[in-house]
Amino acid sequence: METINNLLINIAHGIRGFILSYGATGDAADLLMTVVAAAILLGIIGFVGLYGIYAERKIAGFFQERYGPNRVGPYGLLQSVADGLKLIGKEDLRPAGADPWVFTAAPYVVLTPAVMVWAVLPFSKNIVAVDLNIGILYVVAVSSVTTLGLLMAGWGSNNKYSLLGGMRSVAQMISYEIPLVFSLMGVIMITGSLNLSDIVAAQERVWFIVPQILGFLVFVCAATAELNRVPFDLTEGESELTAGTYTEYSGMRWALFFAAEYANLFAVSAIATTFFLGGWQGPLLPPYLWFFIKTCGMIFFFMWLRWTLPRFRIDQVLNFGWKLLLPLSIANIFITGIGHYLLG
Amino acid sequence: MAQFAGVGIFLLFALLFGLVAMLMVRILSPKKPTPEKLLTYECGLDTVGPTWVRFRTSYFIYALLFVAFDVESVFLYPWAVEFTSLGLVAFIEMVIFIGLLLLALWYAWKEGVLEWI
């Protein structure tokens, strides 16, 4: 059992020993290990991008009583790979009216924070690429850059649909960032640490979803909005804005946006798991497996939401954020503080 | 400091991820632009008028509120970390601090800032 639990850690130690045997100093070996970790995580992000889309389509099919992709490979498992190969061969179009620099830079500005957030995700005990002591502050800070990328895409495309989508995305994402940040505060008050590994370790006896149920609910709502997923997908809003911010994007540039979207979906689910669902803690199975099971559960929940709720109007979205979620998230801070002094 | 070097490595890899993908496209994909292909997309119609006009941002006061609360969250994080050790007085002080901002939110609400016009 111990061997299976520590399998990945032992492999990491093996690689580190291998690097050290070539005469590297301890610090250099650590840095090289981060490079290895980053490369592996990029591979996982690519995988999550491809199979996130596959899962989305398959689950959509399931909810609508149809098959979903089932032609390419067994159970359609290679469908996303085929789509990816097709996208590489697509012509790279940039509309003549678009601002060349802003239009080109936008996908990178969206993708980069999505990848960078992965650096601090605690996949298992001692399996973190960069174990920052200000982990969650880093996540919140880095992921807020996404808003800028979406606005750049909307403005740079020189398309009216894109502009509307971009403007909406800014309004929506800044409105929901505050409840998102505040909803995590209760957990930080209990654990007294910003480090994600510490937060998981503090949930050994009871998951924080029990004392922090209000925080969890606010977090899930705000996270759905930050991910621009249904019912908050006004940035895209295919039935009113064609594809919103993404209208002028095609081929690989468009695929970069979607890789970012699924990387973010996984990262947000992983943060929810870490903060409220006990992270990698769990009986019998190895910890990293528990982490993936819980994260996939959250992803399934977000996809379920997509086929359950209709889209909000923009004024409803903002009202919901400012008039309900923000007071609730602040109330959660008060309740946590008062509860600490009354009960503990 | 070494940790932030790790973050830097992730930044580099994230940029490379996109750049390598676009490089592959540049090598492998055809490039035959025609004037029609490069038109702005608008469901088959030609787009009318400029897009980059002065745009009515109905939410700019939201943005001001956002700045106020975002700065507040920066103050809240260090306090939340030390919450248990700082004791009751610090908690009450923080309640007053958040209360002041809630007062601002209530005022903005009353004045109709939170209505989408």
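**Notes on the chain interface and helix packing**

1. The area buried between chain A and chain B is about 6800 Å², with carbon and sulfur atoms giving 78% of it. Buried area here is the accessible area (1.4 Å probe) that two parts lose on being put together, summed over both. On the chain A side, A:Lys160, A:Trp322 and A:Tyr341 lose the most area to chain B, together 10% of what that side buries.

2. Please keep in mind that this is a predicted model, in which local features need pLDDT of at least 70 and side-chain atom pairs count only at pLDDT 80 or more, while totals for chains, interfaces and linings use all residues. Residues are numbered from 1 along each chain as its sequence is written, chains are lettered from A and ligands numbered from 1 in the order in which they are written, and side-chain values use heavy atoms, leaving out hydrogens and water.

3. Back at the interface, 81 residues of chain A are in contact (heavy atoms within 4.5 Å) with 68 residues of chain B. How many salt bridges are there between chain A and chain B? The count is zero, taking a salt bridge as a side-chain nitrogen of Lys or Arg within 4 Å of a carboxyl oxygen of Asp or Glu.

4. Over all chains, the whole structure has six salt bridges. A:Arg229 forms one with A:Glu56, with the closest N and O atoms 2.9 Å apart. This pair links distant parts of the chain, 173 residues apart: A:Arg229 is in the loop between helix 11 and helix 12 (238-241) of chain A, and A:Glu56 is in helix 3 of chain A.

5. Helices are DSSP runs (H or I, at least four residues), numbered from the N terminus.

6. A:Gly215, A:Phe216, A:Phe219 and A:Ala223 of helix 11 contact A:Val268, A:Ile271, A:Ala272 and A:Phe276 of helix 13.

7. Helix 2 (residues 7-20) of chain A packs with helix 3 (residues 26-63) of chain A at an angle of about 130°, with axes 10 Å apart. Among the residues making this contact are A:Ile15 and A:Ile19 of helix 2, and A:Leu32 and A:Met33 of helix 3.

How values were computed: Axes fitted to C-alpha atoms, helices over the stretch in contact; angles between N-to-C directions. Helix = DSSP H or I, 4+ residues; strand = E, 2+ residues; numbered from the N terminus.
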